[in-house]
Amino acid sequence: MCEKRDISKYRLSQLSGISQSSLGRIMAQENLPSLITLEKICAALGVTLSQLFSGR
C-alpha cells in the first residue's frame, strides 16, 4: 500500500504515530496489528479498511 501511495515507511510512521519498527513488523507479517493501529494506518494513507485489504 505504501508503494501505491508513494509514501515511505518513515513518512507513514510520522503520519500515523506508529513507530517504524512496529510498521516493519506489521508489513513483514510478524505482528498482527490491532484495529486501532489499522485505523491509524488507514487514516494516514487516506484509505478505508476495505481498500487497505483489497490493495486498491
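I then noted the ground rules. This is a predicted model, with local features needing pLDDT of at least 70, side-chain atom pairs counting only at pLDDT 80 or more, and totals for chains, interfaces and linings using all residues. Residues are numbered from 1 along each chain as its sequence is written, and side-chain values use heavy atoms, leaving out hydrogens and water.

Next, the fold. I found five helices and zero strands (DSSP runs numbered from the N terminus: helices are H or I, at least four residues; strands are E, at least two).

I looked up H2 (residues 9-16) against H3 (residues 20-27). Their axes come within 9 Å and cross at roughly 115 degrees (lines fitted to C-alpha atoms over the stretch in contact; angles run from 0 to 180 degrees between N-to-C directions). H2 is therefore roughly perpendicular to H3 (65 to 115 degrees; under 35 is roughly parallel, over 145 roughly antiparallel, the rest oblique).

I listed the residues that meet: Lys9, Tyr10, Leu12, Ser13 and Ser16 in H2, with Gln20, Leu23, Gly24 and Met27 in H3.

Last, I checked glutamine 14, also in H2. It counts as partly exposed because its relative accessibility is 42% (buried is under 20%, exposed over 50%, partly exposed in between; 1.4 Å probe, protein chains only). Its C-alpha atom lies 8.8 Å from that of alanine 44, 30 residues apart along the chain. Across the protein, I noted that buried residues make up 30% of the 56 residues.

Note on methods. Contact = heavy atoms within 4.5 Å.
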